[in-house]
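Q: Please take a close look at one part of this model. Then carry on to a few other places that are worth a visit.

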Amino acid sequence: MSFKFHCTHCGQRIEAEESTRGTTANCPSCGNIITIPMLAGGSPPNVVQSQPPPAIAPIPKPPEYDPKNLKPGQIIGLLFVVGVVIAGLTIKKPDGTNPISSLFSSSPTTPSSPPITVSANSLFSAYKANEVAADSQYKDKTVIVDGTVQSIAKDILDNPYVVIGGDGFLDGVQCVFPRSDTNLGRLSKGQQITVRGKVTGKMGNVLLHDCSLQ
């Protein structure tokens, strides 16, 4: 004798023999393993149907900016801000600086140190006595030196230079000039000159670069 029941997975109505009650088998419709019920009949299970996700409402597009849509109060406020900015750009403090532009300056400019005035012989003597102390006092600083021209020549890089001060070999101040400087052509040995340049250290002579005649 046979009876009918419903698959607990797909709801398919299945017919089975009484002798198979309580056993398991594969549903002939969906293939899932099912347990044949002990009692006959049975109503189909509630098969949950997947529901589509709720629709997401579109984000409304913001209204486009149109100056014509500005209210009178907004226009007055905008004109006030523009007027304040213009006034800030034109007003100057007693020291001549602009209060607005000074807010955006990266950093206050530090005035450069005035050049050190020293004779060529004194500068060379300082390096000869203590090169470390002389570097601390003069290196990378601008100096104005005066002395007697000992020699006029060019270095291995074809840069013109003048050695002033001293009275022997490698005992003066070597002043290196830009190649474009044509004033060295009118100098002569034994002439007293004044030179401005930056001290770069000592290599035999005390070296000055970026020199110019004063």
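A: Buried means under 20% relative accessible area, exposed means over 50%, and partly exposed lies in between (1.4 Å probe, protein chains only). This is a predicted model: local features need pLDDT of at least 70, side-chain atom pairs count only at pLDDT 80 or more, and totals for chains, interfaces and linings use all residues. Residues are numbered from 1 along each chain as its sequence is written, and side-chain values use heavy atoms, leaving out hydrogens and water.

Start with the cysteines. The whole structure was searched, and zero disulfides turned up (a disulfide is a pair of cysteine sulfur atoms within 2.5 Å). Cysteine 27 is in none: its nearest cysteine sulfur belongs to cysteine 7, 3.6 Å away. Cysteine 27 is buried because its relative accessibility is 3%. Cysteine 30 is in no disulfide either. For cysteine 30, the nearest cysteine sulfur is that of cysteine 27, at 3.7 Å. Cysteine 30 has a relative accessible area of 33%, so it is partly exposed.

Now go to tyrosine 127. Tyrosine 127 is buried, at 2% relative accessibility. Lysine 202 is 75 residues away in sequence, but the C-alpha to C-alpha distance is 7.2 Å. Tyrosine 127 also touches lysine 202 (contact means heavy atoms within 4.5 Å). Beyond four places in sequence, its other contacts include Ala134, Tyr138 and Val206.

Val206 comes up again at glutamine 174, which contacts it too. Glutamine 174 lies in strand 8, residues 173-176. It is buried because its relative accessible area is 14%. Its side chain makes a polar contact of 3.3 Å with that of asparagine 205. A polar contact pairs N or O atoms within 3.5 Å; within protein, one must be able to donate a hydrogen and the other to accept it, and residues adjacent in sequence count only if both atoms are side-chain atoms.

Most residues other than glycine have a negative phi. Aspartate 140 has a positive phi of about 65 degrees. It is in the loop between helix 3 (131-138) and strand 6 (142-154). At 53% relative accessible area, aspartate 140 is exposed. Aspartate 210 has a positive phi of about 55 degrees. Its place is in strand 10, residues 205-213. Aspartate 210 is exposed, at 64% relative accessibility.

Terms used:
Helix = DSSP H or I, 4+ residues; strand = E, 2+ residues; numbered from the N terminus.
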